[in-house]
Amino acid sequence: MATDPRPALDPARMIAEARRAFFVMFAFLALIWLLQLANWADDNQLARDYAIVPRETDRLPDIFTAQFLHLNWQHIEANSGPLFVFGFLAAYRGVKKFLGLTVLIVLTGGAMIWFFERDHVYTVGASGLVYGYFGYVVLRGVFDRNLIDSLIGLVMGASFAYLLLNAVPGTPGVSWLGHLGGLLGGLAGAWIFRDRERDRGRRAAAAPPASQAAPTATATATATGTTTPATRADAPAQGAPSPRAALLKELDDLGL
């Protein structure tokens with residue numbers, strides 16, 4: 001019976017992934033703070049030059065820069081904590097997926113602002129990334145059918161549900177469009193970057209092997225030329241999974 005070759009819980013692998021995720025987010029935050037230091041030294045000119053300006057074609061590339069800049073120190077301080085927490089959880093299941101997810105969130109959040117924000121409004125800040133990582137972490141376990149990730153998503157969703165209030169209109173000085181666009185990108189990323197390898201292993205395990213396929217009734221010729229119908233075996237085919245193997249597969253599907 002084909003099964004997912006990877007163990008559901010491998011402590012060494014978990015520690016290695018956590019270490020990589022930690023250093024990736026540490027470097028990410030260090031970069032953002034260095035950019036803010038340069039922005040502060042230039043009297044916030046960097047934020048003005050690379051902010052998203054709605055529907056100005058020459059400023060369209062700024063959707064790739066604006067979400068790494070901030071207006072002031074209070075702005076970056078407010079974003080840094082949630083950004084590290086949700087970014088770490090998003091990067092924990094693979095740095096390559098995390099980088100692809102980040103590009104997706106930057107695109108969806110930036111495009112939402114560029115197309116729909118009011119004229120002459122300059123938008124910067126990493127809060128769109130925060131919402132994107134939040135959406136990804138909450139939904140990832142559902143698409144991967146991983147119990148541990150689902151529980152983490154449930155806890156994070158319940159603990160930070162107040163974030164959703166800033167993804168709807170009404171909070172002055174806050175780009176709810178950027179929050180909403182980032183959130184949608186994170187939710188889409190949970191599907192796009194789901195664990196396809198695990199899906200293939202699950203489908204292969206569910207498919208019956210060729211040796212277990214029921215024989216079709218055929219006529220067999222005897223030496224004398226007469227024919228007799230073949231009978232179908234009522235006993236279970238050899239190689240059928242044992243109850244213990246079936247239980248282990250169910251636990252693996254749950255991520256345990």
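Ala90 is in contact (heavy atoms within 4.5 Å) with Phe98, Leu101, Tyr133, Tyr136, Val137 and Arg140, leaving aside its neighbours within four places in sequence. This is a predicted model: local features need pLDDT of at least 70, side-chain atom pairs count only at pLDDT 80 or more, and totals for chains, interfaces and linings use all residues. Residues are numbered from 1 along each chain as its sequence is written, and side-chain values use heavy atoms, with hydrogens and water left out.

**Nonpolar cores**
- A nonpolar core is a set of buried Ala, Val, Leu, Ile, Met, Phe, Trp, Tyr and Cys residues joined through side-chain atoms within 4.5 Å.
- Buried means under 20% relative accessible area, exposed over 50%, partly exposed in between (1.4 Å probe, protein chains only).
- The largest nonpolar core has 30 residues; Phe28, Leu83, Phe86, Ala90, Phe98, Leu129 and Tyr133 touch the most other members.
- At least two residues of this core come from each of α1 (11–41), α3 (73–91), α4 (95–116), α5 (127–144) and α7 (176–192).
- Helix α5 gives the most, with 7 residues.
- A second, separate core of 9 residues includes Ala47, Ala51, Leu69 and Trp114.

**Asn79**
- Asn79 is found in helix α3.
- Asn79 counts as buried because its relative accessibility is 10%.
- Leaving aside neighbours within four places in sequence, Asn79 is in contact with His70, Gly125, Ala126, Ser127 and Val130.

**Overall fold**
- Of its 256 residues, 36% count as buried.

Note on methods:
Helix = DSSP H or I, 4+ residues; strand = E, 2+ residues; numbered from the N terminus.
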